[in-house]
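Me: I'm new to this one. Can you put it up and walk me through its inside?

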Amino acid sequence: MGCHHASRTSSDALKPDSLAGVVSVTGTAFEQHLVLRSGNSITTLSASTPDSAALSRMGGVEVLVVGRRTQNLFRVERFTAVTVAGSAVVDGFVRKEGDRLVLETTHGTIPLGNPPTALRSMVGARLWIGGPLDKGPNTYGVIVPAQ
């Protein structure tokens with residue numbers, strides 16, 4: 001009988017890469033390209049069709065992308081909005097709990113104290129929201145519209 005040794009995989013090889021920067025949409029309406037600008041570097045982004053559509057709505061927003069860096073581009077697996085115009089924002093889904101709206105994030109649910117009236121028609125949408133979430137006023141942008 002021969003011996004069989006399990007192949008070893010470095011745990012580092014399994015860890016995703018991350019990159020922060022401001023999303024920029026370049027090209028024409030016919031052929032758009034998504035890039036991430038970070039300091040003096042520009043990285044081309046590659047994403048699934050739904051994530052590509054969502055990222056194209058994020059022009060000018062600082063995001064954290066997680067995925068895999070290759071020689072020529074960064075393959076996005078997921079992303080989170082971080083800042084808009086230099087101010088921190090929270091990225092999540094608008095949900096209704098009873099008669100109030102909340103923002104469901106990857107870190108939990110945040111009650112929205114005085115959300116803009118327009119958010120009532122956006123339940124299910126993924127948004128970035130800025131400003132004091134407990135009392136408003138809030139700014140927001142649509143990442144993925146409600147289905």
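The chat below covers a pocket and the nonpolar cores.

Reply: This is a predicted model, where local features need pLDDT of at least 70, side-chain atom pairs count only at pLDDT 80 or more, and totals for chains, interfaces and linings use all residues. Residues are numbered from 1 along each chain as its sequence is written, and side-chain values use heavy atoms, with hydrogens and water left out.

Me: Which residues have the most contacts inside the largest nonpolar core?

Reply: M58, V63, V65, F79 and W128, in a core of 19 residues. Such a core is a set of buried Ala, Val, Leu, Ile, Met, Phe, Trp, Tyr and Cys residues joined through side-chain atoms within 4.5 Å; buried means under 20% relative accessible area with a 1.4 Å probe, protein chains only.

Me: Which element gives the most to this core?

Reply: β5, with five residues. Strands are DSSP runs of E, at least two residues, numbered from the N terminus.

Me: And what does F79 touch?

Reply: Leaving out residues up to four places away in sequence, F79 touches D51, A54, L55, M58, V63, L64, V65, D91, R126 and I143. Contact here means heavy atoms within 4.5 Å.

Me: What else is there in the way of cores?

Reply: A second, separate core has ten residues, including L101, A125, L127 and L133.

Me: Switching topic: which residues lie nearest the centre of the largest pocket?

Reply: F79, T80, D91, T106 and R126, out of 15 lining residues. On a 1 Å grid over the protein atoms alone, a pocket is an open set of points where a 1.4 Å probe fits, with protein on both sides within 12 Å along at least five of seven lines; lining residues have an atom within 4 Å of a point.

Me: Where does the largest share of the lining come from?

Reply: From β6, with four residues.

Technical notes
Buried < 20%, exposed > 50% of the residue type's maximum accessible area, 1.4 Å probe, protein only.
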